[in-house]
Amino acid sequence: MLMRWGRWIHRHCRLVMGLAVLFTVAAAVWGVGVFAALTSSSGFEVAGSESQRATEVETATLGRDSADVVVLYRSPNRTVDDAGFRADVTRVLEALPRDRVVRFDTYWSTSSPNLVSADRRATFAVVSLVGADERDRRENLDAIRDRFAVPGLSSAVGGQVPTQQLISSRVKKDIGLAEALAAPVLFLLMVVIFRSVVAALLPLAIGTVAIFGSFAALHGLTLLTDISVYSVNITTLLGIGLAIDYGLIMVVRFREELRVRETVEEAVARTVAVAGRTVLVSGLTVAVALCSLLLFPQTFLRSMGYGGVATVLVDMVAALTVLPALLALLGRRVDRGRVRLLDRRVSHDGQRWRRLGLSVMRRPVSYLVVTLGVLLLLGLPFLRISWGGIDARALPEGTETRVVSETLARDFPANSTSPITVLVTLPAPVTGAAQRAELSGYSTRLAALPGVDRVTTTGLADRTARLSVGFTPDRMSQQARDLVAEVRRVPPPPGAGVLVGGMTAQLVDQLDNMSAMLPWMGLTMAAATFVLLFLAFGSVVLPLKAMVVNVVSLSATFGVLVWIFQDGHLSDLLRFTPIGMIEPSMPVLILAIAFGLSMDYEVFLLSRVREHYERDGDPTGAVVDGLQRTGGVITSAALLFMVVVGAFATSGITFIKLTGVGLFVAVLVDATVVRALLVPAAMKLLGRAAWWAPGPLAGLHRRIGFREGDGGDEVPVRPAAEVVSSA
């Protein structure tokens, strides 16, 4: 089928290109609207969780009581007991427009000692903003940001909204800068790797179609559900990265076919039939891996799934339509602008990969044991990973909102702005004496819990009461998370319903949801990958081997991440502040992307091995030939992808830096140690058993498997006997 498709593309290449241009223009026009439609909220909350329901009940019955903005005031010579200090701050806050601010609380309005520093020269005001969602609250903050200053006092603005706003804006800025830094390096490397200027430009065509196409798809999805602004990041990352991968494998194959085919049409058809089949299987595998993110209820991860799947599928379709059409139009001119000095290097590279393959074939046990040992050693730190959340410490040192957060932690009582919130819905109005007595008894039971330093009633309305539970441990620590569990276990007043929320409770619910969904994510990826690889190669052994190798490779990646970002090694070099914890959404995202890319490289290698094995029947010669032909392609594709993701490591936001470093390490390990050493050694030891399938499944593969099977000879390969005898 793919052979016939390749011939059809060649004969109608101008029509295909015309349609591709129209599609890209239309997608760009429609897709650019996605930026205004994306939600700017962090998207880490778990929909339907207890903490989320607590927020909904609180908003509906009592109104929001969040520390949207925290304004820190300090005097060099006055204390909060000074009447002038009070009058100056109160006057400024009372002048804030009521269409922007719901309320504000100060030490003088609440008499709370938690709002005063130890030296009594500093205090902070908690400001709640008008706004149905985070976008509205950010707009309202922008409108009044310059109205908090008090003459004679130093002031600084922090809190949830400014922190999230700054993180979002820094992410956009850093990613734009990363892409700008990576672009020239990327293009120069592409010219070197593709060995011609024209060929190096071809992946950019696929990437352009993929990025605009995914923007259009995301814009459509915003009409149905919330899509996080961060989804754009994965779109650009995968759009360019996979375009390079698919462009490289298609162009390399096309060049080979041009040398042995009589016409350009046959070269295009055979390229689509063989390399296109690899792209098809690879694209579907990566898409399935990213589909697993849709299992999670968090807007952030679901948005990454939507953006990633859309990008991969458009990339894949573009590689099977636009790229063959371009190759048909260019023909032998694909090597225009060729850098002749690089041809000899490519020839030498092929021989080096062949020699490496022969070395692995001679000593497979040694290579297997050593590589597994190294990967398992790298993965050991992962056994002690500690999960946490994101706060102002994700920002660079000296950032205003981070300074406010650090000052509150250092000079004020712990967690003054992030208590555990308890929403109590009583069976009768709270004004009744019996209800007040039950509520008081419940508050007393909460106050008796270890680690709780205060319980205050901060809202009453009809049958609902809001209690704020102050506590001593850091709000992201294991002790704080254990306290949330203890609060949830305290018996409520008779007949009452209780919902526990707040930032620590949100983290608890997020971690619980991750723990519950990760096995399903793994099962989904494993099952779909097994089916796709079986359909591609007709073996039940190869998919199992691929998944085992992937687990070991990813364990090494996560071990390195724990060693760096949790333990703090290389923090000075990478410029981040270690907090002893890792936010869980980022490793989940890395898992999906890295798993997909790992299978991407697996399919590249095994497709070549299978070609040789089906022709010659010698598993050893097939592995050597496959490594010789794909080693350079895989490592080149990995190098280019590492340039793209490595630029993310320059971000000033810690979790974006972690994502960049994580993907960089994952691709580096997989494309070198795993694909060049571990997989060939395992294939040698498995021998013919690697291609085994039970009789019924083998028959099923012959009927429905992904096979070329529609004509055309294979590219001549060196006989396996000759390959092995030269060892």
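Student: In which helix is the place of Thr407?

Tutor: Helices (H or I, at least four residues) and strands (E, at least two) are DSSP runs, numbered from the N terminus. Thr407 has its place in helix α15. Please note that this is a predicted model, in which local features need pLDDT of at least 70 and side-chain atom pairs count only at pLDDT 80 or more, while totals for chains, interfaces and linings use all residues. Residues are numbered from 1 along each chain as its sequence is written, and side-chain values use heavy atoms, with hydrogens and water left out.

Student: Is Thr407 buried or exposed?

Tutor: Buried means under 20% relative accessible area, exposed means over 50%, and partly exposed lies in between (1.4 Å probe, protein chains only). Thr407 is buried, its relative accessible area being 8%.

Student: Which backbone oxygen does the side chain of Thr407 reach, and which residues does Thr407 touch?

Tutor: A polar contact is a pair of N or O atoms within 3.5 Å; within protein, one must be able to donate a hydrogen and the other to accept it, and residues adjacent in sequence count only if both atoms are side-chain atoms. Here the Thr407 side chain reaches the backbone oxygen of Val403 at 2.7 Å. Contact in the wider sense means heavy atoms within 4.5 Å. Leaving aside residues up to four places away in sequence, Thr407 touches Leu72 and Phe412.

Student: Where is Thr163 found, and what does Thr163 touch?

Tutor: Thr163 belongs to helix α8 (residues 160-194) and is buried, with a relative accessible area of 11%. With residues up to four places away in sequence not counted, Thr163 touches Ala392, Leu395 and Thr401.

Student: How many salt bridges does the count come to?

Tutor: Side chains of opposite charge can pair when their charged atoms come close. The rule asks for a side-chain nitrogen of Lys or Arg within 4 Å of a carboxyl oxygen of Asp or Glu. By this rule there are 27 salt bridges. One of them joins Arg74 to Asp411, with the closest N and O atoms 3.6 Å apart. Arg74 lies in strand β1 (residues 69-74) and Asp411 in helix α15 (residues 400-411), so this pair ties together parts that are 337 residues apart in sequence. Arg74 is partly exposed, at 25% relative accessible area. A network of salt bridges links Arg74, Asp119, Arg410 and Asp411.

Student: With which residue does Glu256 form a salt bridge?

Tutor: Glu256 pairs with Arg608, the closest N and O atoms being 2.9 Å apart. Since Glu256 lies in helix α10 (residues 231-260) and Arg608 in helix α21 (residues 585-616), the pair ties together parts that are 352 residues apart in sequence. Glu256 is buried, with a relative accessible area of 10%, and Arg608 is buried, with a relative accessible area of 10%.

Student: How many cavities of 30 Å³ or more does the count come to?

Tutor: On a 1 Å grid over the protein atoms alone, a cavity is a set of points where a 1.4 Å probe fits but cannot get out; lining residues have an atom within 4 Å of a point. Grid points are joined across faces, edges and corners, and a volume is the space filled by probe spheres set on the points. The count is six cavities of 30 Å³ or more, and the largest cavity holds about 200 Å³ of space. Of the 17 residues lining the largest cavity, those closest to its centre are Gly389, Ile579, Met581, Glu583 and Thr654.

Key: 1 Å grid on protein atoms, 1.4 Å probe; cavity = no way out; pocket = protein on both sides within 12 Å on 5 of 7 lines; lining within 4 Å.
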